[in-house]
Each structure stands twice: as structure tokens, then as C-alpha cells.
Amino acid sequence: MVISKRRRWLLLAVVSAGLLLITLDNSILYAALPTLVEDLGASSSEGLWIINAYPVVMAGLLLGSGTLGDRVGHRRMFVIGLAVFGVASLVAAFSTSPEALIAARAFLAVGAAAMMPATLALIRVTFDDERERNMAIAVWGTMAVVGSALGPIISGILLQHFWWGSVFIINVPVVVAAIAATLVLAPPNDPDPSKQWDLASSLLALVALVGLVLAIKETAKTEPAPAVVAAAVLATVAGGWAFARRQRRLAYPLLDFAIFRNRAFLAGVLAAGFALFAISGIQLVTTQRFQLVEGFTPLRAGFLVAAVALGAFPTAMLGGAVLHRVGLLPLITGGLALGSIGTLLVLMNFATSMGLLVTGLIITGSGLGAAMSVASSAIMGNVPARRAGMASSVEEVSYEFGGLIAVALLGSLLTAVYSATIDLPAGVSDRARDSLDSALALAGEGEGAQTALIRAASEAFDGAYLAVMVVVAAALVAGALVTGVLLRRHGPGSALSGPAHH
């Protein structure tokens, strides 16, 4: 079936809107978190689970959802995903407890996991011309950057006028319009019942991921429970081992580990993960620090972290255009290295110079935008055609996994360093150690020496922020070194594809 040019580009707008919703919901709560924690009475650990329930469940289900889409048809999968996303958004908006909101966020992730592979698959089947398709995929790819930038800004605007549930309500009209447009514009559903979908593999991956996040969060507590840590580590190891063993036995595995033998493919997967780890971590801790310590509104904090995307957007668009001339090595390894330099500038100036802080955020974004834009090309250009669906799922998982580990590890580190280093004034309740939110609430109640408590809590939080940014910078340096070794034959003038091992 030939689809007219106008209809193709309209459909691209629809699937891009779907992807925008998915990526927005990753970052939209960063600026809303202090408000949400206060209104729902959530602990710092519950606050991190409210954010993390979404990427944990999505990363667990993504590997299998691409194959399920092949089996039932990608058009149907996209519409089902949109419908689930819309219903889950309503449930999240009207949640009355932290536990209810965590469950609603997990439900949102089920819809997102159904939609995400379908967005790329619909582009593939709609755009026959290779140059048009490359352009369409570039537009699709930049949605991840746009979504992560807009999340904190949109939540900031909404929180100035409405209650926190509005950050979920805005999904609903977009979902309704996208469903209607998909039914009109998308090519007919084309299921392939011969494709094998394995639910057990997806559930095993989910067990391993939930165990990993729980282990990180519990270990970072001031008084971790050894039994919980042991159970979480056991779940991670057992789930991961059972998943890997099952893949080797399946005729159609969700993940064929042999594809990681291709160095350029592996470098692309690592670059995607490291880039999202840095962006998510910087946005999460910077929006919190400037709201709680400097008294920024959620909107102002959102605009501040949008500097990362401001730097990333032009280099993300440019990276794909110059890739054939400069090769993967300068863009991926150079991009991660530039990101680490920007992060160092941020950590040296966050408390002293707003101008240098913003410059650091823009430089970080510029480097990571370049790396992210060609990570997709490194991944998709280094697998055989029959593994394209699997490769796109691996790419999406690496993005989600990067964001997921950032929130789990860096969010927990922020709390742990704050709790360990705060020097409480005499007569102040130990509850002030839990989080900066708790200390500010106690100061508001007039407990102890208010000014002294606020100063002590702010100093401890700044120390914790510094520790997190050091870890982000170190991760980007490690990413640059590892990808540099993997891509040493992929410098200027090299072909995109390396020697593939099939």
C-alpha cells in the first residue's frame, strides 16, 4: 500500500507525539517532586520510587514488546499502548497516597512499553524512501531530547496554576487525539502470528531490574536492612541468570547476546546509557537543589535544567548530518568527553556563578547530544536486518536503563551523603536527617534554631549535590574511555558498519 507524502509526515507527527509523551513522563516529575512529596507525605525513598517505577517497568517490558508488536501488529500495539497510557494518567492524577501513585506510574510504563517500539516500527513501514526514512528517524530521535527538556518546564508551568495531578492530566487530550489520528493515518494493521512472544522472559528481566533498584536504594540508607539487601541482590542475580539461560534455549530469543560482540554496536548501546544517566541525574538533583536551597519556583528550576537540552538539540541534529564524514569515534567518545568537561564546570560553580553553571550545562548537553544522535546509527547500522527489531528494543532499554540507574543510584547517594553529613543544631529532631524537605518542614514548624537548621541542612545538601556531580563526571570519563577503545577503528572516514558477528 502506497501512502501519500502528506499522510506519511502527518503520521510521523502522531508517532512523535506518542514518543514525546513517553519521554516527558520520565522527566516531568523532577521539578514536581518537592511539591508532590510534601502533598502526599512521601518519604525520600517513596519519592524516588514514584519516579523510578516508570523506567523500571518499562525497561523490563521493552525487550518483549517489540516482538509482541510484530505478532499482533504495530498499529494495534500503538493504539492499545496509548489507551493504557491515558487511563493510567487519570489514575496517577487522582492518587491519594505514595503507594497508589507508585502503582499508577508502573501502569503508565505498561502503556509506554507497548507504544515505544511501535513508534519506530510504524516509521519503518510507512517511509519506503531511505533518505526520507533517515530524516524521519532523526526527527523521532530528537524527541527524546525535547521530551527530557520540556518535562521540568511543563511541570513548572502547571504547578504555578494547578495541583500536582495536572502533570498527568495533560496526557489525556494528547492520547485521545493521537488515537483518532492513528486510526485515520496509519497503514492497515499487519500482524505476523508466526512471531513467538515470550512473557516469561519479560517477567524475569523485570525481576532482575526491580531487585537491582531495591538493592541500590536500600544500601544507600543510613541504616540498611541486611535481609532486604540480600533478598534484592538474590532477585537480581537469579532473575538475570534465569533470563540469560532462557534466551539461549529459545528458538526466537528476546535478546541474542551474540550481537554485543560487534564493537560499534556495543559502543552505541553504552553511549546511549551513559548519556541518559548523566542527563537524568543532572536534571533530577539540579531541579531539587535550586528549589530547596535557592528557593527557585518549579518553573524557574525547569528552565535552568533545560540548558542541557538547549546544548543537546543542535549537536543532536548535526551529528547525524556529519557522521558519514567524521565517523563514530569523534562523535561518541568526543561527545562523552565534552559532557564530562561541562559537568566539571557545573560542580565547580553551582554555588557561586549562575553564568558559569548555565555554560557548564550547555556544554554538557552539547557533548551528550552528539553522542546520543549517532548512538542510534551505531546500533541500527551494525546488526543484520532480521535483528533490527531486537536492536531497536536494546537501544530503548539502554536509554531507560541509563535514566533508571541515575535516579536509583544518584537519588540515593544524594540522600545518603546529606543524612551522613548534616550537623544538626542542638535540640532539633533527628527527623531533619531524613531529607532536606524534612529539615525545611521542621524549620517551618519553628523547631530549634530555625536559621541555624536551614543553614546546616543547605550546607549538607550542597555537599551531597557536589558528590553526585563528581560521580556523573566520573561516569562520563569512564564512558569516553570505554567507547574510545571499542571505536578505535571508527575514526574519520571510516564506514558506519564494523565487522559484524552474526
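A232 touches G211, L214 and A215, leaving aside residues up to four places away in sequence; contact here means heavy atoms within 4.5 Å. This is a predicted model, in which local features need pLDDT of at least 70 and side-chain atom pairs count only at pLDDT 80 or more, while totals for chains, interfaces and linings use all residues. Residues are numbered from 1 along each chain as its sequence is written, and side-chain values use heavy atoms, with hydrogens and water left out.

A232 sits in helix α9, residues 226-249. Helices are DSSP runs of H or I with at least four residues, strands are runs of E with at least two, and both are numbered from the N terminus. A232 has a relative accessibility of 2%, so A232 counts as buried. The cut-offs are under 20% relative accessible area for buried and over 50% for exposed, with partly exposed in between, using a 1.4 Å probe and protein chains only. From A232 to T297 is 65 residues in sequence and 37 Å in space, C-alpha to C-alpha.

V14 belongs to helix α1. Its relative accessibility is 10%, so V14 is buried. Not counting residues up to four places away in sequence, V14 touches F78, A178, A181, T182 and L185. V14 and H74 are 60 residues apart in sequence, and their C-alpha atoms are 14 Å apart in space.

T96 is placed in the loop between α3 and α4. T96 counts as exposed because its relative accessibility is 70%. Along the chain, T96 and F303 are 207 residues apart; their C-alpha atoms are separated by 29 Å.

### Helix pairs

Two packed helices are described by the angle between their axes and the distance between the axes. Axes are lines fitted to C-alpha atoms, for helices over the stretch in contact, and angles run from 0 to 180 degrees between N-to-C directions. Angles under 35 degrees count as roughly parallel, over 145 as roughly antiparallel, 65 to 115 as roughly perpendicular and the rest as oblique. A crossing is left-handed if the near helix is turned anticlockwise from the far one by less than a right angle, and right-handed if clockwise.

| Helix pair | Angle | Axis distance |
|---|---|---|
| α1 (residues 5-40) and α10 (residues 263-292) | roughly 25 degrees | within 8 Å |
| α3 (residues 74-93) and α4 (residues 98-126) | about 155 degrees | 7 Å |
| α10 and α11 (residues 298-326) | about 150 degrees | 9 Å |

How do α1 and α10 run relative to each other, parallel or antiparallel? The angle makes α1 roughly parallel to α10. Their crossing is right-handed. On the α1 side, S27, Y30, A31, L33 and P34 take part; they meet S280, Q283, L284, T287, Q288, Q291 and L292 in α10. The residues of this contact divide into 6 nonpolar, 6 polar and no charged. Ala, Val, Leu, Ile, Met, Phe, Trp, Tyr, Cys and Pro count as nonpolar, Asp, Glu, Lys and Arg as charged, and the others, Gly among them, as polar.

Next come α3 and α4. Their angle makes them roughly antiparallel to each other. The crossing of α3 with α4 is left-handed. Here the contact has 20 nonpolar, 5 polar and 1 charged residues.

Helix α10 also packs against α11. The two are roughly antiparallel. α10 passes α11 in a right-handed crossing. From α10, I279, I282, Q283, T286, T287, F290 and Q291 meet P298, A301, L304, V305 and V308 in α11. By class, this contact holds 8 nonpolar, 4 polar and no charged residues.

### Aromatic pairs

Rings of Phe, Tyr and Trp (its six-membered ring) pair if their centres lie within 6.5 Å; planes under 30 degrees apart count as stacked, over 60 as edge-to-face and the rest as tilted. By this rule there are 7 aromatic pairs. One of them is F243 with F257: the centres are 6.5 Å apart and the planes at 85 degrees, so the pair is edge-to-face. This pair links distant parts of the chain, with F243 in helix α9 and F257 in the loop between α9 and α10, 14 residues apart. F243 is buried at 8% relative accessible area, whereas F257 is partly exposed at 36%.

F260 and F265 form another edge-to-face pair, 5.5 Å centre to centre with 70 degrees between the planes. F260 is partly exposed, at 25% relative accessibility. F265 is buried, at 0%.
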